[in-house]
Amino acid sequence: MKKIITTLLKAGVSIAILVYLFRKIDFAEVWQLFKHVHVGYLIAALGLYLLGQLFCAYRWKLVAALMGFHNSFSEFFTYYFIGMFFNLFLPTAIGGDVGKCYYLAKGNKKVLRAVVSVLADRGSGLIVLVMIAGISLTMVNGVTLPSSLPAGILMGNTLVLIGLVVPIFAGKYLSGFSEKVSLLLTYWKKPVPLIKAIGISFIFHALIIIIHILIGMSLEMTIPWKFYLFVVPLVVTVSMLPVSLSGIGLREGAYVFFLAFVNVPKTEALTFAFGWFTILVMSSLTGGIVFAINSLVSRK
């Protein structure tokens with residue numbers, strides 16, 4: 001019952017934000033933007049996103065190996081794409097991680113280790129998001145930002161640095177907190193997989209930024225390319241907050257809020273958000289195909 005109430009509350013948040021945003025835009029203008037969209041750029045963006053998921057599947061394989069999972073890349077690819085599909089239906093933007101843990105631990109009962117591998121995979125991506133946001137502060141010259149934003153980004157980078165350094169010196173004390181913490185500290189005892197995962201995360205998020213540039217080009221929007229380095233990590237981070245259904249509403253509102261700093265009208269910003277949402281849905285449906293094939297193969 002509690003889960004149902006929580007899901008309904010998240011749905012309410014998503015609906016409330018979307019209703020508010022829809023009241024602020026001109027649908028006739030949205031239609032005009034869609035009529036003149038350059039579909040080729042969106043197709044290229046979708047292709048890059050799917051390529052990025054292959055990098056992510058390999059990243060997960062690297063960090064999962066340290067937890068004792070030596071599955072083939074095809075299995076990690078399958079589980080990762082199934083997780084993308086689950087993201088469409090589970091109540092947060094990280095809901096697919098539950099599915100990934102289930103499939104990885106299925107048959108071996110190493111649930112905790114599967115969870116830790118997913119946390120390490122997610123964590124390496126989050127670390128890079130924060131770092132890119134910090135780097136972007138040196139590149140958004142001429143854009144007036146609320147002082148709280150740079151301060152928050154710098155605080156995030158400081159916390160990431162502390163989080164990476166503290167386990168090196170205090171690992172033996174932290175390991176006593178719980179088995180999960182102890183397993184996570186394995187990545188500091190044998191840091192090569194984590195370092196590689198962070199490197200792959202840079203490649204993946206570079207692709208995400210290029211995808212956003214392509215979406216802007218498809219809509220003939222004149223957003224400075226450097227600003228994408230600022231807005232993308234912030235929007236992705238906001239959409240991961242577990243207060244709405246799969247980030248719906250939060251993500252769109254974040255685009256409208258952040259793109260306003262470079263004078264993008266609400267209608268164009270929301271149309272841009274729909275473009276990114278389309279990429280996510282299409283890629284998730286690709287995950288649905290993988291899920292269907294995997295289910296059929298499993299029954300044989």
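Helix H12 (residues 250–259) is largely enclosed by the rest of the structure, because 9 of its 10 residues are buried. The model is a predicted one. Two further topics follow: Thr78 in helix H4 (residues 73–86), and a nonpolar patch on the surface that includes Phe73.

**Helix H12**

**Thr78 in helix H4**
- Thr78 lies in helix H4, which spans residues 73–86.
- Thr78 has a relative accessible area of 15%, and it counts as buried because this value is under the 20% cut-off.
- The backbone oxygen of Ser74 is reached by the side chain of Thr78 at 2.8 Å.
- Leaving aside residues up to four places away in sequence, Thr78 touches Val290 and Asn294.

**Nonpolar surface patch**
- Leu51, Leu54, Tyr58 and Phe73 make up a nonpolar patch on the surface.
- Together these four residues have about 320 Å² of accessible area.
- Helix H3 (residues 39–65) gives the most to the patch, with 3 residues.
- Phe73, another member of the patch, is found in helix H4.
- Phe73 has a relative accessible area of 32%, so it is classed as partly exposed, between the cut-offs of 20% and 50%.

How values were computed:
Residues numbered from 1 in each chain as written. Predicted model: local features only at pLDDT ≥ 70, side-chain atom pairs only at ≥ 80, totals over all residues. Heavy atoms only, no water. Helix = DSSP H or I, 4+ residues; strand = E, 2+ residues; numbered from the N terminus. Buried < 20%, exposed > 50% of the residue type's maximum accessible area, 1.4 Å probe, protein only. Polar contact = N/O pair within 3.5 Å; in protein donor to acceptor, adjacent residues only side chain to side chain. Contact = heavy atoms within 4.5 Å. Patch = residues over 30% accessible without salt bridge, like charges linked within 9 Å, V, L, I, M, F, W, Y side chains within 5 Å. Areas by Shrake-Rupley, 256 points an atom, 1.4 Å probe, with all protein chains shown as cover. Salt bridge = Lys/Arg side-chain N within 4 Å of Asp/Glu carboxyl O.
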